[in-house]
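This report walks through the packing and geometry of one protein model.

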Amino acid sequence: MTLVAGVDSSTQSCKVVVRDAETGRLVRSGSAPHPDGTEVHPDHWWAALQQAAEAAGGLDDVAAIAVGAQQHGMVCLDESGDVVRPALLWNDTRSADAAAALTDELGAAAWAEATGSVPVASFTVTKLRWLVEHEPEAAARTAAVCLPHDWLSWKLAGAPGPEALVTDRSDASGTGYWSPVSGEYRLDLLHRAFGRDDVVLPRVVAPAQSALTTAAGAAIGPGCGDNAGAALGLGAGPGDVVVSIGTSGVACAVAEAPTADPSGIVAGFADATGRYLPLVCTLNAARVLSATAELLGVDLDRLAELALAGPGGADGLVLVPYLEGERTPNRPHAKGVLHGLTLGNATPAHLARAAVEGLLCGLADGIDALVEQGVRVDRVLLIGGGARSEAVRRIGPAVLGRPIVVPAPGEYVADGAARQAAWVAGGAPEPPAWDLGEAASYVECAQPAIRARYADVRDLIER
(Lines give C-alpha, C1' and ligand atoms only; values in the text may rest on other atoms or scores of the structure.)
Protein backbone atom coordinates (compact mmCIF):
# COMPACT_ATOMS: atom_id res chain seq x y z
CA MET A 1 0.00 0.00 0.00
CA THR A 2 1.38 3.38 -1.03
CA LEU A 3 0.78 6.13 1.52
CA VAL A 4 0.56 9.88 0.93
CA ALA A 5 0.17 12.79 3.32
CA GLY A 6 -1.78 16.03 3.13
CA VAL A 7 -1.27 19.08 5.33
CA ASP A 8 -3.75 21.85 6.15
CA SER A 9 -1.91 24.75 7.76
CA SER A 10 -4.81 27.06 8.53
CA THR A 11 -4.99 30.25 10.56
CA GLN A 12 -5.98 28.32 13.68
CA SER A 13 -4.12 25.01 13.45
CA CYS A 14 -2.17 22.45 11.46
CA LYS A 15 -3.77 19.14 10.47
CA VAL A 16 -2.03 16.17 8.85
CA VAL A 17 -3.80 13.24 7.22
CA VAL A 18 -2.12 10.10 5.90
CA ARG A 19 -4.15 8.22 3.28
CA ASP A 20 -3.92 5.23 0.98
CA ALA A 21 -2.90 6.72 -2.36
CA GLU A 22 -5.12 4.37 -4.36
CA THR A 23 -8.36 4.38 -2.39
CA GLY A 24 -8.08 7.51 -0.26
CA ARG A 25 -8.73 5.49 2.91
CA LEU A 26 -7.69 7.41 6.01
CA VAL A 27 -4.84 5.58 7.73
CA ARG A 28 -3.98 8.04 10.50
CA SER A 29 -4.07 11.74 11.33
CA GLY A 30 -2.83 14.38 13.77
CA SER A 31 -3.20 18.06 14.57
CA ALA A 32 -1.58 20.88 16.53
CA PRO A 33 -2.67 24.47 17.31
CA HIS A 34 -1.31 27.73 15.94
CA PRO A 35 -0.97 30.90 18.01
CA ASP A 36 -3.63 33.58 17.70
CA GLY A 37 -3.00 36.84 15.93
CA THR A 38 -2.88 38.40 12.49
CA GLU A 39 0.93 38.43 12.57
CA VAL A 40 2.75 35.17 13.30
CA HIS A 41 6.34 34.07 12.98
CA PRO A 42 6.47 31.16 10.48
CA ASP A 43 8.52 29.10 12.93
CA HIS A 44 5.24 28.47 14.79
CA TRP A 45 3.76 26.87 11.66
CA TRP A 46 6.78 24.63 11.27
CA ALA A 47 6.67 23.55 14.92
CA ALA A 48 2.95 22.80 14.60
CA LEU A 49 3.48 20.79 11.40
CA GLN A 50 6.15 18.69 13.09
CA GLN A 51 3.90 18.15 16.12
CA ALA A 52 0.90 17.23 13.94
CA ALA A 53 3.03 14.89 11.84
CA GLU A 54 4.30 13.16 14.98
CA ALA A 55 0.72 12.78 16.21
CA ALA A 56 -0.09 11.22 12.84
CA GLY A 57 2.60 8.60 13.27
CA GLY A 58 5.33 10.35 11.32
CA LEU A 59 5.92 10.87 7.62
CA ASP A 60 8.90 8.61 6.93
CA ASP A 61 6.72 6.02 5.17
CA VAL A 62 4.84 8.32 2.78
CA ALA A 63 5.67 8.42 -0.91
CA ALA A 64 4.53 12.01 -1.37
CA ILE A 65 3.28 14.95 0.63
CA ALA A 66 1.58 18.24 -0.24
CA VAL A 67 0.71 21.31 1.80
CA GLY A 68 -2.51 23.31 1.65
CA ALA A 69 -2.52 26.50 3.69
CA GLN A 70 -4.14 29.82 4.42
CA GLN A 71 -3.97 32.02 1.35
CA HIS A 72 -2.37 35.41 0.80
CA GLY A 73 -0.22 36.69 3.63
CA MET A 74 3.41 37.75 3.36
CA VAL A 75 6.52 35.81 4.33
CA CYS A 76 9.74 37.79 3.75
CA LEU A 77 13.16 36.10 3.75
CA ASP A 78 16.66 37.56 3.64
CA GLU A 79 19.51 36.35 1.43
CA SER A 80 20.27 33.50 3.85
CA GLY A 81 16.66 32.34 3.98
CA ASP A 82 16.02 33.70 7.47
CA VAL A 83 12.62 35.25 8.19
CA VAL A 84 12.88 39.05 8.12
CA ARG A 85 9.82 39.75 10.29
CA PRO A 86 6.73 37.86 11.50
CA ALA A 87 4.41 37.01 8.61
CA LEU A 88 1.39 39.22 8.02
CA LEU A 89 -1.63 36.96 7.59
CA TRP A 90 -4.57 37.32 5.23
CA ASN A 91 -6.73 38.73 8.05
CA ASP A 92 -4.29 41.50 8.95
CA THR A 93 -5.99 44.66 7.67
CA ARG A 94 -3.26 47.23 8.30
CA SER A 95 -2.62 47.36 4.53
CA ALA A 96 -6.18 48.50 3.70
CA ASP A 97 -4.99 52.01 2.84
CA ALA A 98 -2.26 50.54 0.67
CA ALA A 99 -4.85 48.46 -1.16
CA ALA A 100 -6.95 51.54 -1.84
CA ALA A 101 -3.93 53.50 -3.03
CA LEU A 102 -2.76 50.76 -5.40
CA THR A 103 -6.26 50.44 -6.83
CA ASP A 104 -6.49 54.18 -7.37
CA GLU A 105 -3.07 54.36 -9.01
CA LEU A 106 -3.76 51.76 -11.69
CA GLY A 107 -7.55 51.55 -11.72
CA ALA A 108 -9.74 48.62 -10.66
CA ALA A 109 -10.38 47.46 -14.23
CA ALA A 110 -6.67 47.36 -15.02
CA TRP A 111 -5.92 45.29 -11.91
CA ALA A 112 -8.74 42.85 -12.73
CA GLU A 113 -7.48 42.49 -16.29
CA ALA A 114 -3.90 41.96 -15.12
CA THR A 115 -4.40 39.57 -12.21
CA GLY A 116 -8.08 38.55 -12.19
CA SER A 117 -8.70 40.48 -8.96
CA VAL A 118 -8.79 43.96 -7.49
CA PRO A 119 -6.39 44.40 -4.53
CA VAL A 120 -7.75 44.11 -1.00
CA ALA A 121 -5.90 44.12 2.30
CA SER A 122 -5.60 40.32 2.27
CA PHE A 123 -3.37 40.25 -0.81
CA THR A 124 0.42 40.06 -0.59
CA VAL A 125 0.90 42.96 -2.96
CA THR A 126 -0.79 45.37 -0.53
CA LYS A 127 1.25 44.10 2.40
CA LEU A 128 4.46 44.71 0.48
CA ARG A 129 3.41 48.33 -0.12
CA TRP A 130 2.70 48.63 3.62
CA LEU A 131 6.12 47.18 4.46
CA VAL A 132 7.95 49.70 2.28
CA GLU A 133 6.04 52.59 3.80
CA HIS A 134 6.16 51.55 7.46
CA GLU A 135 9.21 49.27 7.86
CA PRO A 136 11.69 50.33 5.16
CA GLU A 137 14.63 48.58 6.85
CA ALA A 138 12.78 45.25 6.79
CA ALA A 139 11.82 45.89 3.17
CA ALA A 140 15.44 46.55 2.25
CA ARG A 141 16.55 43.25 3.89
CA THR A 142 13.94 41.26 1.97
CA ALA A 143 15.50 39.07 -0.72
CA ALA A 144 12.60 36.66 -1.27
CA VAL A 145 8.83 36.80 -0.79
CA CYS A 146 6.64 33.74 -0.46
CA LEU A 147 3.34 32.51 1.00
CA PRO A 148 2.67 30.25 4.01
CA HIS A 149 2.34 27.03 2.01
CA ASP A 150 5.40 27.84 -0.10
CA TRP A 151 7.49 28.30 3.04
CA LEU A 152 6.31 25.06 4.64
CA SER A 153 6.97 23.03 1.48
CA TRP A 154 10.46 24.56 1.41
CA LYS A 155 11.01 23.67 5.08
CA LEU A 156 9.93 20.08 4.40
CA ALA A 157 12.69 19.99 1.78
CA GLY A 158 15.25 21.16 4.33
CA ALA A 159 15.18 24.89 3.44
CA PRO A 160 17.72 24.49 0.60
CA GLY A 161 17.93 28.25 -0.14
CA PRO A 162 15.40 30.90 -1.20
CA GLU A 163 16.04 30.18 -4.90
CA ALA A 164 14.48 26.72 -4.39
CA LEU A 165 11.06 28.07 -3.31
CA VAL A 166 8.11 26.75 -5.29
CA THR A 167 4.39 27.45 -5.33
CA ASP A 168 1.28 26.57 -7.33
CA ARG A 169 -1.20 28.47 -9.50
CA SER A 170 -3.91 28.74 -6.85
CA ASP A 171 -1.79 30.46 -4.22
CA ALA A 172 0.16 32.55 -6.73
CA SER A 173 -3.15 33.94 -7.99
CA GLY A 174 -3.82 35.45 -4.56
CA THR A 175 -0.65 37.52 -4.42
CA GLY A 176 -1.84 40.37 -6.65
CA TYR A 177 1.23 40.13 -8.90
CA TRP A 178 0.65 36.89 -10.84
CA SER A 179 -1.64 36.42 -13.84
CA PRO A 180 -3.86 33.31 -14.00
CA VAL A 181 -4.27 33.94 -17.73
CA SER A 182 -0.61 34.18 -18.76
CA GLY A 183 0.70 32.01 -15.94
CA GLU A 184 3.46 34.52 -15.28
CA TYR A 185 4.40 36.98 -12.56
CA ARG A 186 3.62 40.62 -13.24
CA LEU A 187 6.89 42.13 -12.11
CA ASP A 188 5.65 45.57 -13.08
CA LEU A 189 2.94 45.28 -10.41
CA LEU A 190 5.44 43.96 -7.87
CA HIS A 191 7.66 46.96 -8.61
CA ARG A 192 4.72 49.33 -8.30
CA ALA A 193 3.97 48.01 -4.81
CA PHE A 194 7.45 47.29 -3.48
CA GLY A 195 9.65 49.67 -5.43
CA ARG A 196 11.73 46.67 -6.53
CA ASP A 197 11.31 43.59 -8.66
CA ASP A 198 14.64 41.91 -7.89
CA VAL A 199 13.33 39.71 -5.05
CA VAL A 200 13.13 35.95 -5.46
CA LEU A 201 9.61 34.70 -6.07
CA PRO A 202 8.62 31.03 -5.82
CA ARG A 203 8.68 29.12 -9.08
CA VAL A 204 5.12 28.22 -10.10
CA VAL A 205 4.99 24.51 -10.88
CA ALA A 206 2.32 22.47 -12.65
CA PRO A 207 -0.52 20.90 -10.60
CA ALA A 208 0.96 17.37 -10.47
CA GLN A 209 4.63 18.29 -10.61
CA SER A 210 7.11 17.41 -7.87
CA ALA A 211 9.80 20.05 -7.51
CA LEU A 212 11.18 19.18 -4.07
CA THR A 213 11.77 16.11 -1.90
CA THR A 214 11.95 15.48 1.82
CA ALA A 215 15.04 14.12 3.55
CA ALA A 216 13.32 10.72 3.57
CA GLY A 217 12.88 10.87 -0.21
CA ALA A 218 9.19 11.67 -0.41
CA ALA A 219 8.08 13.83 -3.33
CA ILE A 220 6.70 17.22 -2.30
CA GLY A 221 3.76 18.36 -4.39
CA PRO A 222 3.21 21.97 -5.45
CA GLY A 223 0.67 22.47 -2.66
CA CYS A 224 -2.23 24.92 -2.89
CA GLY A 225 -4.25 27.61 -1.18
CA ASP A 226 -6.90 26.45 1.26
CA ASN A 227 -9.94 27.09 -0.95
CA ALA A 228 -8.36 25.30 -3.89
CA GLY A 229 -7.38 22.47 -1.55
CA ALA A 230 -10.94 22.11 -0.29
CA ALA A 231 -12.30 22.04 -3.85
CA LEU A 232 -9.80 19.33 -4.76
CA GLY A 233 -10.57 17.37 -1.61
CA LEU A 234 -14.29 17.48 -2.41
CA GLY A 235 -13.73 16.39 -6.00
CA ALA A 236 -15.46 19.55 -7.24
CA GLY A 237 -15.61 20.01 -10.99
CA PRO A 238 -17.04 22.47 -13.52
CA GLY A 239 -20.60 23.36 -12.55
CA ASP A 240 -19.94 22.90 -8.83
CA VAL A 241 -19.95 25.78 -6.39
CA VAL A 242 -18.40 25.13 -2.99
CA VAL A 243 -20.18 27.18 -0.34
CA SER A 244 -18.43 27.27 3.01
CA ILE A 245 -20.35 28.70 5.96
CA GLY A 246 -17.85 29.51 8.67
CA THR A 247 -16.87 32.73 10.40
CA SER A 248 -17.13 34.23 6.93
CA GLY A 249 -18.95 32.83 3.94
CA VAL A 250 -17.17 31.68 0.80
CA ALA A 251 -18.63 30.71 -2.55
CA CYS A 252 -16.10 29.48 -5.09
CA ALA A 253 -16.63 27.65 -8.36
CA VAL A 254 -14.48 25.40 -10.49
CA ALA A 255 -14.50 27.06 -13.90
CA GLU A 256 -12.94 26.36 -17.28
CA ALA A 257 -12.27 30.04 -18.06
CA PRO A 258 -10.71 32.86 -16.04
CA THR A 259 -12.71 35.79 -14.70
CA ALA A 260 -11.88 39.47 -14.32
CA ASP A 261 -14.41 41.41 -12.25
CA PRO A 262 -13.58 45.15 -12.05
CA SER A 263 -16.05 45.56 -9.18
CA GLY A 264 -13.73 43.45 -7.02
CA ILE A 265 -16.59 41.28 -5.77
CA VAL A 266 -15.34 38.16 -7.57
CA ALA A 267 -11.67 37.31 -7.07
CA GLY A 268 -10.36 35.56 -10.18
CA PHE A 269 -8.19 32.88 -8.63
CA ALA A 270 -6.79 29.70 -10.19
CA ASP A 271 -7.53 26.22 -8.84
CA ALA A 272 -5.26 23.25 -8.09
CA THR A 273 -6.03 21.26 -11.27
CA GLY A 274 -5.19 23.69 -14.07
CA ARG A 275 -8.63 25.28 -14.13
CA TYR A 276 -9.86 28.42 -12.36
CA LEU A 277 -11.52 29.15 -9.02
CA PRO A 278 -13.47 32.44 -9.05
CA LEU A 279 -14.36 33.23 -5.45
CA VAL A 280 -16.71 35.49 -3.52
CA CYS A 281 -16.44 36.18 0.21
CA THR A 282 -19.18 37.40 2.54
CA LEU A 283 -18.45 38.73 6.02
CA ASN A 284 -21.63 37.37 7.63
CA ALA A 285 -22.11 33.64 7.83
CA ALA A 286 -22.31 31.14 10.72
CA ARG A 287 -22.27 33.85 13.37
CA VAL A 288 -25.65 35.02 12.08
CA LEU A 289 -27.03 31.73 13.40
CA SER A 290 -25.22 31.94 16.73
CA ALA A 291 -26.27 35.57 17.27
CA THR A 292 -29.92 34.73 16.56
CA ALA A 293 -29.76 31.70 18.84
CA GLU A 294 -28.37 33.88 21.64
CA LEU A 295 -31.09 36.45 21.05
CA LEU A 296 -33.74 33.75 21.37
CA GLY A 297 -32.04 32.06 24.30
CA VAL A 298 -31.72 28.68 22.53
CA ASP A 299 -28.92 26.47 21.23
CA LEU A 300 -28.20 25.97 17.53
CA ASP A 301 -30.12 22.70 17.29
CA ARG A 302 -33.22 24.34 18.74
CA LEU A 303 -32.75 27.30 16.40
CA ALA A 304 -32.85 24.90 13.46
CA GLU A 305 -36.03 23.28 14.79
CA LEU A 306 -37.68 26.67 15.14
CA ALA A 307 -36.62 27.72 11.64
CA LEU A 308 -38.04 24.56 10.10
CA ALA A 309 -41.29 25.11 12.01
CA GLY A 310 -41.60 28.64 10.59
CA PRO A 311 -43.26 29.24 7.21
CA GLY A 312 -41.27 29.83 4.02
CA GLY A 313 -40.72 33.56 3.66
CA ALA A 314 -41.41 33.99 7.40
CA ASP A 315 -44.72 35.70 6.60
CA GLY A 316 -42.84 38.75 5.31
CA LEU A 317 -40.27 39.02 8.12
CA VAL A 318 -36.86 39.69 6.58
CA LEU A 319 -33.47 39.73 8.29
CA VAL A 320 -30.68 41.34 6.29
CA PRO A 321 -27.79 40.07 8.41
CA TYR A 322 -25.10 42.67 7.89
CA LEU A 323 -24.01 42.26 11.50
CA GLU A 324 -20.39 43.09 10.67
CA GLY A 325 -20.96 45.31 7.65
CA GLU A 326 -20.68 43.39 4.40
CA ARG A 327 -18.26 42.72 1.58
CA THR A 328 -20.70 41.21 -0.94
CA PRO A 329 -22.29 43.59 -1.72
CA ASN A 330 -19.59 46.07 -0.70
CA ARG A 331 -21.24 47.83 2.24
CA PRO A 332 -18.57 47.89 4.96
CA HIS A 333 -20.45 50.32 7.21
CA ALA A 334 -23.93 48.79 6.88
CA LYS A 335 -25.83 47.37 9.86
CA GLY A 336 -28.22 44.45 10.06
CA VAL A 337 -31.94 45.11 9.65
CA LEU A 338 -35.05 43.19 10.75
CA HIS A 339 -37.91 44.38 8.55
CA GLY A 340 -41.60 43.62 8.23
CA LEU A 341 -42.39 42.81 11.85
CA THR A 342 -46.12 42.37 12.57
CA LEU A 343 -48.24 40.89 15.33
CA GLY A 344 -48.62 37.79 13.19
CA ASN A 345 -44.91 37.09 12.66
CA ALA A 346 -43.50 38.25 16.01
CA THR A 347 -42.64 34.69 17.08
CA PRO A 348 -39.39 32.81 17.70
CA ALA A 349 -40.10 30.50 14.75
CA HIS A 350 -40.52 33.41 12.35
CA LEU A 351 -37.33 35.08 13.54
CA ALA A 352 -35.37 31.84 13.32
CA ARG A 353 -36.68 31.28 9.79
CA ALA A 354 -35.83 34.85 8.78
CA ALA A 355 -32.28 34.42 10.11
CA VAL A 356 -31.65 31.26 8.12
CA GLU A 357 -33.20 32.71 4.98
CA GLY A 358 -31.25 35.96 5.39
CA LEU A 359 -27.96 34.10 5.77
CA LEU A 360 -28.73 32.05 2.65
CA CYS A 361 -29.85 35.08 0.66
CA GLY A 362 -26.51 36.76 1.38
CA LEU A 363 -24.70 33.70 0.02
CA ALA A 364 -27.07 33.62 -2.95
CA ASP A 365 -25.96 37.18 -3.74
CA GLY A 366 -22.43 35.82 -3.92
CA ILE A 367 -23.46 33.02 -6.28
CA ASP A 368 -25.24 35.59 -8.45
CA ALA A 369 -21.96 37.50 -8.72
CA LEU A 370 -20.26 34.33 -9.98
CA VAL A 371 -23.00 33.77 -12.54
CA GLU A 372 -22.61 37.37 -13.76
CA GLN A 373 -18.99 36.51 -14.53
CA GLY A 374 -20.10 33.65 -16.76
CA VAL A 375 -19.58 30.87 -14.22
CA ARG A 376 -21.73 27.77 -14.64
CA VAL A 377 -23.55 26.73 -11.47
CA ASP A 378 -25.33 23.36 -11.41
CA ARG A 379 -25.19 22.39 -7.75
CA VAL A 380 -23.86 23.61 -4.41
CA LEU A 381 -21.44 21.62 -2.24
CA LEU A 382 -22.17 22.87 1.28
CA ILE A 383 -19.43 22.70 3.92
CA GLY A 384 -18.32 24.53 7.08
CA GLY A 385 -19.77 24.80 10.57
CA GLY A 386 -23.03 26.31 9.29
CA ALA A 387 -23.61 23.24 7.12
CA ARG A 388 -24.29 21.25 10.28
CA SER A 389 -27.59 23.11 10.67
CA GLU A 390 -30.47 20.98 9.41
CA ALA A 391 -32.40 24.17 8.71
CA VAL A 392 -29.63 25.52 6.48
CA ARG A 393 -29.52 22.23 4.61
CA ARG A 394 -33.25 21.94 4.06
CA ILE A 395 -34.04 25.58 3.37
CA GLY A 396 -30.94 26.07 1.21
CA PRO A 397 -32.29 24.78 -2.12
CA ALA A 398 -35.35 27.04 -1.89
CA VAL A 399 -33.16 30.13 -1.50
CA LEU A 400 -30.12 29.22 -3.58
CA GLY A 401 -32.30 27.78 -6.33
CA ARG A 402 -30.05 24.78 -6.86
CA PRO A 403 -29.62 21.28 -5.43
CA ILE A 404 -27.42 21.09 -2.35
CA VAL A 405 -24.99 18.29 -1.61
CA VAL A 406 -23.55 18.04 1.90
CA PRO A 407 -20.38 15.92 1.77
CA ALA A 408 -19.41 13.56 4.55
CA PRO A 409 -17.53 15.42 7.32
CA GLY A 410 -13.81 15.63 6.69
CA GLU A 411 -10.67 17.73 6.69
CA TYR A 412 -11.29 18.95 3.16
CA VAL A 413 -8.14 21.06 2.73
CA ALA A 414 -5.83 18.36 4.10
CA ASP A 415 -7.70 15.76 2.05
CA GLY A 416 -7.23 17.89 -1.07
CA ALA A 417 -3.52 18.18 -0.35
CA ALA A 418 -3.32 14.40 0.15
CA ARG A 419 -5.16 13.87 -3.14
CA GLN A 420 -2.64 16.14 -4.85
CA ALA A 421 0.19 14.14 -3.27
CA ALA A 422 -1.35 10.92 -4.62
CA TRP A 423 -1.59 12.57 -8.04
CA VAL A 424 2.09 13.48 -7.88
CA ALA A 425 3.06 9.97 -6.73
CA GLY A 426 0.95 8.22 -9.35
CA GLY A 427 1.84 10.33 -12.35
CA ALA A 428 -1.64 10.02 -13.90
CA PRO A 429 -3.08 12.80 -16.08
CA GLU A 430 -5.85 13.50 -13.55
CA PRO A 431 -6.01 13.28 -9.73
CA PRO A 432 -7.21 9.95 -8.33
CA ALA A 433 -10.96 9.49 -7.87
CA TRP A 434 -11.44 8.89 -4.15
CA ASP A 435 -14.71 8.08 -2.42
CA LEU A 436 -14.40 9.76 0.97
CA GLY A 437 -17.89 9.02 2.26
CA GLU A 438 -21.57 9.24 1.45
CA ALA A 439 -22.97 12.70 0.79
CA ALA A 440 -26.48 13.89 1.66
CA SER A 441 -28.54 15.56 -1.08
CA TYR A 442 -31.27 18.16 -0.70
CA VAL A 443 -33.42 19.11 -3.67
CA GLU A 444 -36.41 21.44 -3.65
CA CYS A 445 -37.96 23.91 -6.05
CA ALA A 446 -36.68 27.45 -5.68
CA GLN A 447 -38.91 30.04 -4.09
CA PRO A 448 -38.00 33.32 -5.87
CA ALA A 449 -40.37 35.33 -3.68
CA ILE A 450 -38.01 34.87 -0.72
CA ARG A 451 -35.11 36.41 -2.59
CA ALA A 452 -37.21 39.15 -4.12
CA ARG A 453 -38.47 40.25 -0.71
CA TYR A 454 -34.93 40.10 0.69
CA ALA A 455 -33.60 42.20 -2.21
CA ASP A 456 -36.24 44.86 -1.59
CA VAL A 457 -35.18 45.21 2.03
CA ARG A 458 -31.45 44.86 1.30
CA ASP A 459 -31.59 47.83 -1.06
CA LEU A 460 -33.17 50.02 1.59
CA ILE A 461 -30.07 49.73 3.74
CA GLU A 462 -27.64 52.60 3.89
CA ARG A 463 -24.42 51.74 2.15
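## Helix H10 against helix H12

The axes of helix H10 (residues 286-296) and helix H12 (residues 348-372) come within 10 Å and cross at roughly 170°. H10 and H12 are therefore roughly antiparallel to each other. From H10, the contact uses Val-288, Leu-289, Thr-292, Leu-295 and Leu-296. From H12, it uses Pro-348, Leu-351, Ala-352, Ala-355, Val-356 and Leu-359. These residues divide into ten nonpolar, one polar and no charged.

Some terms need their cut-offs. Angles under 35 degrees count as roughly parallel, over 145 as roughly antiparallel, 65 to 115 as roughly perpendicular and the rest as oblique. Axes are lines fitted to C-alpha atoms, for helices over the stretch in contact, and angles run from 0 to 180 degrees between N-to-C directions. Contact means heavy atoms within 4.5 Å. Ala, Val, Leu, Ile, Met, Phe, Trp, Tyr, Cys and Pro count as nonpolar, Asp, Glu, Lys and Arg as charged, and the others, Gly among them, as polar. Helices (H or I, at least four residues) and strands (E, at least two) are DSSP runs, numbered from the N terminus.

## Basis of the model

This is a predicted model, in which local features need pLDDT of at least 70 and side-chain atom pairs count only at pLDDT 80 or more, while totals for chains, interfaces and linings use all residues. Residues are numbered from 1 along each chain as its sequence is written, and side-chain values use heavy atoms, with hydrogens and water left out.

## The seven-stranded sheet

An open sheet of seven strands has the order S18-S19-S17-S16-S22-S23-S24, with mixed pairing. Its edge strands are S18 and S24 (440-442), each pairing on one side only. The twist averages 25° from one strand to the next. Two strands pair if DSSP finds at least two bridges between them.

S16 (residues 239-245) and S17 pair in the antiparallel sense over five bridges. They form a hairpin with three residues between them. S17 is also joined to S19 (residues 276-282) by four bridges, again running antiparallel. Cys-252 of S17 stands opposite Val-242 and opposite Leu-279 in S19. Further along the sheet, three bridges join S23 (residues 404-406) to S24, which run antiparallel. There, Ile-404 has Tyr-442 in S24 as its bridge partner.

## What covers the sheet

Which residues of S17 point one way, and which the other? Gly-249, Ala-251 and Ala-253 take one side, Val-250 and Cys-252 the other, and all are buried. Five of the five residues of S17 (residues 249-253) are buried, so the strand is largely enclosed by the rest of the structure. Buried means under 20% relative accessible area, exposed over 50%, partly exposed in between (1.4 Å probe, protein chains only).

H12 lies across S16, S17, S19 and S22 (377-383), running at about 145° to S19. Helix H9 (residues 226-234) is mostly covered too: eight of its nine residues are buried. Among them are Asn-227, Leu-232 and Leu-234. Just after H9, Gly-235 takes a positive phi of about 70°.

## Aromatic pairs

The structure holds three aromatic pairs. Phe-123 and Phe-269 have ring centres 6.1 Å apart and planes at 55°, so this pair is tilted. Phe-123 sits in the loop between H3 (108-115) and H4 (124-134), and Phe-269 in S18 (residues 267-270), 146 residues apart. Both Phe-123 and Phe-269 are buried.

The rings of Tyr-177 and Tyr-185 have centres 6.2 Å apart and planes at 35°, so this pair is tilted. Tyr-177 counts as buried at 2% relative accessibility. Tyr-185 counts as partly exposed at 22%. Rings of Phe, Tyr and Trp (its six-membered ring) pair if their centres lie within 6.5 Å; planes under 30 degrees apart count as stacked, over 60 as edge-to-face and the rest as tilted.

## Backbone exceptions

Most residues other than glycine have a negative phi, and most peptide bonds are trans. A cis peptide bond joins Thr-328 and Pro-329, with omega about 0°. Pro-329 lies in the loop between S20 (318-320) and S21 (337-339).

His-72 has a positive phi, near 60°. The residue is found in the loop between S5 (62-69) and S6 (75-77). His-72 is buried, with a relative accessible area of 9%. Asp-315 also has a positive phi, of about 50°. Its place is in the loop between H11 (300-309) and S20.
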